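Please brief me on this protein model.

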Amino acid sequence: MQKQLRAKLYKFSPSRLVEIPKSNGGTRPLEITTIADRIVLTAIKIVIEPIFEADFHACSYGYRPKRSAKQASIAIQDDLYQQAWGVIEIDFQSYFTSIPHEKLLKLISKRIADGSMLRIIKETLKTSVFIQGKPIDRKKVGVSQGSPVSPLYSNIYVNVIDQVWHARGYPAKLGATLHRYCDDVILVCRKSAHLALERFTELAKRLSLTINHQKTHITKLTEGFNFIGFNFVKRKSPTRGVLTKSPVCLILV
């Protein structure tokens with residue numbers, strides 16, 4: 001492997017596609033790679049992750065060193081106490097399989113100048129997939145779900161939305177703060193949720209991403225919502241029978 005990589009002769013093997021049932025119905029495509037490929041993909045991640053970590057926004061928590069779902073839940077809970085009335089639960093339609101290779105590589109090339117590294121990164125996106133026993137070439141979109149480096153690719157891509165959202169001052173202008181765990185996104189709202197969703201949708205379109213409006217919801221805090229394994233709900237004080245000053249409760253699902 002080492003000799004092949006140094007000689008720029010290493011070739012990734014086709015991955016095997018497995019459909020994993022979702023708890024809410026449907027399936028999630030998971031690609032299983034060879035052991036050799038996983039070693040190479042993990043090595044790529046170890047080398048380039050620190051470079052992009054310097055660019056990621058603090059509102060992002062998923063699949064990042066020293067960041068966790070628990071930290072995200074605490075940040076969201078604190079944010080909900082700041083006079084929020086509701087949230088927008090945003091769902092991307094087939095996010096991992098929708099990322100355009102050309103746009104992703106353009107973002108990566110802004111931080112990676114080494115031609116050999118860029119070449120092998122490009123190869124990771126072009127690997128074929130065994131479907132019903134036949135290797136199918138990947139189209140020019142989508143990253144493998146199950147690959148060690150795919151979560152990093154996904155964070156690199158959607159980080160554009162994180163940065164633009166804050167650079168334009170949307171948290172203050174729209175009264176909507178953004179929290180993201182990989183491709184799971186919520187906007188905590190203090191003003192118009194419809195305007196905030198409209199602006200977020202515009203940013204997603206710029207990245208050739210589609211919002212799944214059937215699974216995207218505007219939810220009042222009194223109704224409660226689930227996010228990354230936690231349930232958040234606003235309720236009355238059990239002792240005084242009125243809304244408390246800090247009415248948001250955090251309950252494990």
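Predicted model: local features only at pLDDT ≥ 70, side-chain atom pairs only at ≥ 80, totals over all residues.

Residues are numbered from 1 along each chain as its sequence is written, and side-chain values use heavy atoms, with hydrogens and water left out.

**Pockets**

- Rolling a probe the size of a water molecule over the atoms shows where empty space is left.
- On a 1 Å grid over the protein atoms alone, a pocket is an open set of points with protein on both sides within 12 Å along at least five of seven lines. A cavity is a set of points where a 1.4 Å probe fits but cannot get out. Lining residues have an atom within 4 Å of a point.
- The largest pocket holds about 1200 Å³ of space (a volume is the space filled by probe spheres set on the points, which are joined across faces, edges and corners).
- Its lining has 39 residues, and Lys 22, Arg 28, Asp 91, Asp 183 and Asp 184 are the closest to the centre.
- Strands S2 (27–32), S3 (86–91), S7 (184–189) and S9 (225–227) and helix H6 (150–167) each give two or more residues to this lining. Helices (H or I, at least four residues) and strands (E, at least two) are DSSP runs, numbered from the N terminus.
- The lining of the largest pocket has 16 nonpolar, 15 polar and 8 charged residues. Ala, Val, Leu, Ile, Met, Phe, Trp, Tyr, Cys and Pro count as nonpolar, Asp, Glu, Lys and Arg as charged, and the others, Gly among them, as polar.
- The second largest pocket has a volume of about 310 Å³. Among its 14 lining residues, Glu 31, Thr 97, Val 129, Arg 138 and Lys 139 are the closest to its centre.

**Cavity**

- The structure holds 1 cavity of 30 Å³ or more. The largest cavity has about 120 Å³ of space.
- Of its 17 lining residues, Leu 41, Thr 124, Thr 127, Ser 144 and Ser 147 lie nearest the centre.
- H2, helix H5 (115–126) and H6 each give two or more residues to the cavity lining.
- That lining divides into 6 nonpolar, 8 polar and 3 charged residues.

**Helix H2 and its partners**

- The axes of H2 (residues 35–53) and H6 come within 11 Å and cross at roughly 25 degrees. Axes are lines fitted to C-alpha atoms, for helices over the stretch in contact, and angles run from 0 to 180 degrees between N-to-C directions.
- H2 and H6 are therefore roughly parallel to each other (under 35 degrees; over 145 is roughly antiparallel, 65 to 115 roughly perpendicular and the rest oblique).
- Lys 45, Ile 48, Glu 49 and Phe 52 of H2 meet Leu 152, Tyr 153 and Ile 156 of H6. Contact means heavy atoms within 4.5 Å.
- This contact of H2 with H6 has 5 nonpolar, no polar and 2 charged residues.
- H2 and H5 pack at about 130 degrees, with axes 11 Å apart. The pair is therefore oblique.
- Val 40, Leu 41, Ile 44, Val 47 and Ile 48 of H2 contact Met 117, Ile 120, Ile 121 and Thr 124 of H5.
- The contact of H2 with H5 has 8 nonpolar, 1 polar and no charged residues.

**Arg 206**

- Arg 206 lies in helix H8 (residues 193–206).
- Arg 206 touches Lys 103, Val 164 and Arg 168, not counting residues up to four places away in sequence.
- Arg 206 and Val 160 are 46 residues apart in sequence but 9.8 Å apart in space, C-alpha to C-alpha.
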